[in-house]
Each structure stands twice: as C-alpha cells, then as structure tokens.
Amino acid sequence: MKILVLNGPNINMLGIREPAIYGNKTYSDLENQLESWAKESDIEIEVFQSNHEGVLVDKIQEAYNNFDGIIINPAAYTHTSIAILDALKAVGIPAVEVHLSEPSEREAFRHISYAGIACIGRFAGMGFDSYKMAIEFIKNYIEN
Ligand code: DQA
C-alpha cells in the first residue's frame with residue numbers, strides 16, 4: 001500500500017512558526033515520525049511539502065495510478081483552493097484531510113475547507129497525532 005502525504009505552505013516552518021499553536025517540533029521531526037508510523041503500519045509513504053498551490057496540484061495529478069491513498073494538510077490552501085479540491089476529485093484517490101491545530105476553533109476564515117469536500121475523513125487538533133490517526137484510518141479504509 002502506497003500513501004502520499006502532502007503538506008502545504010509554511011508547514012516547512014514547523015518549530016519556528018507560532019510555537020504556541022503548532023508546537024516546537026520541526027518539519028524534519030514530522031517527516032521522521034511519519035516514516036516510523038508508516039513502518040509500524042507496514043505501508044509505504046512518500047512525504048512531500050510545497051509552498052506553491054500549482055505544485056501541490058501537480059503532485060496530486062501525478063499520484064494517479066501511483067498511490068492508493070492521499071493524506072493532505074493543505075495548510076492555508078485548505079481555506080482558499082478550489083484547484084486542490086478539483087485535483088483531489090479528478091484523481092479519485094481516497095484522501096484524508098489533516099491539520100495540526102483545529103481550524104474550526106480558530107478565526108472564521110479558517111472554518112471553510114474546500115479540500116475537505118473531496119476527503120473521506122478529517123483529523124485535526126492533535127498535533128503530529130492527527131497524521132497518525134489519518135494513517136490508521138486510510139489504511140483501514142483501503143483494506144476494507
Ligand atoms: C493548518 C491550519 C491552517 O488554517 C493554517 O493555515 C496552516 C496549518 C494546521 O495544520 O493546523 O498553515 O493546516
């Protein structure tokens with residue numbers, strides 16, 4: 001089973017950006033944690049981050065016929081990007097939305113999720129553990 005883990009803008013700034021919201025661990029800590037959870041779950045993952053909407057759209061399109069599932073934290077593009085929503089719908093690969101924080105408990109402009117419309121599940125507000133839950137959920141979904 002191959003899962004693509006996509007992270008949007010500013011997720012590479014983890015450890016530096018707003019630690020009161022996102023914690024002190026770095027993006028490379030997240031990559032390492034994801035690799036170790038993937039091993040435990042006996043799945044293959046590719047972890048990718050971009051600050052650019054079109055690059056994320058390209059990556060979703062390239063996943064077609066190459067990945068069984070997508071875990072995506074679109075970051076700020078969650079709340080703005082119809083292009084990412086359309087890309088997820090276009091490839092039709094099961095996708096799960098994740099967030100480190102809980103956007104629905106933050107500013108009103110974070111309450112809408114376009115990408116979420118194309119997702120089969122959502123895990124938020126648990127820091128890195130949101131991704132862990134998403135891995136377990138998508139693995140179970142694809143197997144069953
Ligand atoms: C985020 C929440 C978004 O609202 C924000 O723009 C981010 C990170 C999260 O993981 O909590 O960049 O997706």
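This briefing covers the overall fold of the protein and the surroundings of its ligand. The model is predicted. The protein has 5 helices and 5 strands, and the ligand sits in the largest pocket.

**Overall fold**

- Read from the N terminus, the order of the elements is β-α-α-β-α-β-α-β-β-α.
- The radius of gyration of the protein is 14 Å, close to the 15 Å that the globule rule gives for 144 residues, so the protein is as compact as a globular protein of that length.
- The C-alpha trace spans about 35 × 35 × 25 Å along its principal axes.

**Residues around the ligand**

- The shell around the ligand consists of Arg17, Tyr22, Asn73, Ala75, Ala76, His79, His99, Leu100, Ser101 and Arg110.
- Sorted by class, this shell holds 4 nonpolar, 4 polar and 2 charged residues.

**Polar contacts and burial**

- Polar contacts here are pairs of N or O atoms within 3.5 Å.
- In Ser101, a polar side-chain atom lies 2.6 Å from an oxygen atom of the ligand.
- For His79, the distance from a polar side-chain atom to an oxygen atom of the ligand is 2.7 Å.
- The side chain of His99 has an N or O atom that is 2.8 Å from an oxygen atom of the ligand.
- Taken alone, the ligand exposes 320 Å², and the protein buries 99% of that.

Note on methods:
Residues numbered from 1 in each chain as written. Predicted model: local features only at pLDDT ≥ 70, side-chain atom pairs only at ≥ 80, totals over all residues. Heavy atoms only, no water. Near = heavy atom within 4 Å. Polar contact = N/O pair within 3.5 Å; in protein donor to acceptor, adjacent residues only side chain to side chain. Areas by Shrake-Rupley, 256 points an atom, 1.4 Å probe, with all protein chains shown as cover. 1 Å grid on protein atoms, 1.4 Å probe; cavity = no way out; pocket = protein on both sides within 12 Å on 5 of 7 lines; lining within 4 Å. Sits in = over half its atoms within 2 Å of the grid points. Nonpolar A, V, L, I, M, F, W, Y, C, P; charged D, E, K, R; others polar. Helix = DSSP H or I, 4+ residues; strand = E, 2+ residues; numbered from the N terminus. Rg over C-alpha atoms; globule rule 2.2 N^0.38 Å.
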